[in-house]
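Reader: I would like to go through this structure term by term. Please set each value against its definition.

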Amino acid sequence: MIEYYLPIKHLHWLFVAVSLILFNVRFFLHTYKPDFKNTFWLRMVQHSNDALLLFAGMTMMVITAQIPFVAALWLGFKLLLVLVYIACGFLAMYSEPRSRMAWIFYATAMISAVVIIWLAHCKIAPVCDFTVWV
């Protein structure tokens, strides 16, 4: 099963990129074209992509036998930040267009996405030793 890890990892990266692009497209359409309703296909493509992203991530967890907060503390923090990203993205999309709160939620979602990506890339580096943080 380990031979499938690298292709699944590359698919996971692709799904991350598509997810971030679609979130930004939907947010900026919501902000600058509030009369434009998010079409059914745009929402379904984003939600389908996010489901594939989650499935690819879970598959990699199974292949590598990493358990969040147990064998991989970084992965636990990453999953918590994914929940922050989802919540802030939801609140940004359902806030009043061009409101300060929409922009705060959008910025928080994007910052959490950057930290998630950073955690995924430095999981082995000494700077990610969370035992000194906890």
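Author: W118 sits in helix α4, residues 100-121. Helices (H or I, at least four residues) are DSSP runs, numbered from the N terminus. This is a predicted model, where local features need pLDDT of at least 70, side-chain atom pairs count only at pLDDT 80 or more, and totals for chains, interfaces and linings use all residues. Residues are numbered from 1 along each chain as its sequence is written, and side-chain values use heavy atoms, with hydrogens and water left out.

Reader: Why is W118 called partly exposed?

Author: Buried means under 20% relative accessible area, exposed means over 50%, and partly exposed is in between (1.4 Å probe, protein chains only). W118 has 36% relative accessibility, so W118 counts as partly exposed.

Reader: What makes A71 exposed?

Author: A71 has a relative accessible area of 57%, and exposed means over 50%, so A71 is exposed. A71 lies in the loop between α2 (40-64) and α3 (73-93).

Reader: What about F69, and where does F69 lie?

Author: F69 also lies in the loop between α2 and α3. The relative accessible area of F69 is 45%, so F69 is partly exposed. Phi of F69 is near 70 degrees, a positive value in a residue other than glycine.

Reader: What makes a set of residues a nonpolar core?

Author: A nonpolar core is a set of buried Ala, Val, Leu, Ile, Met, Phe, Trp, Tyr and Cys residues joined through side-chain atoms within 4.5 Å. The largest one here has 14 residues, and F23, F27, Y85 and Y106 have the most contacts inside it. Helices α1 (5-32), α3 and α4 each supply at least two residues of this core. The largest share, seven residues, comes from α4. Apart from this core lies another, of seven residues, among them I8, L53, M60 and I63.

Reader: Which residues does F27 touch?

Author: Contact means heavy atoms within 4.5 Å. Not counting residues up to four places away in sequence, F27 touches A92, M93, A102, W103 and Y106.

Reader: How do you know that α1 and α4 are roughly antiparallel?

Author: Axes are lines fitted to C-alpha atoms, for helices over the stretch in contact, and angles run from 0 to 180 degrees between N-to-C directions. Angles under 35 degrees count as roughly parallel, over 145 as roughly antiparallel, 65 to 115 as roughly perpendicular and the rest as oblique. The axes of α1 and α4 cross at roughly 170 degrees and come within 12 Å. The two helices are therefore roughly antiparallel to each other.

Reader: Which residues of α1 and α4 meet?

Author: Residues of α1 including W13, L20 and F28 meet residues of α4 including A109, M110 and I117.

Reader: How do you know what span to expect of α3?

Author: The expected span of a helix is 1.5 Å times one less than its number of residues. α3 has 21 residues, and its reach of 31 Å from first C-alpha to last is close to the 30 Å expected.

Reader: Which residues of α3 are buried, and what covers them?

Author: Among the buried residues of α3 are W74, L75, Y85 and M93. Their cover includes α1, α2 and α4.
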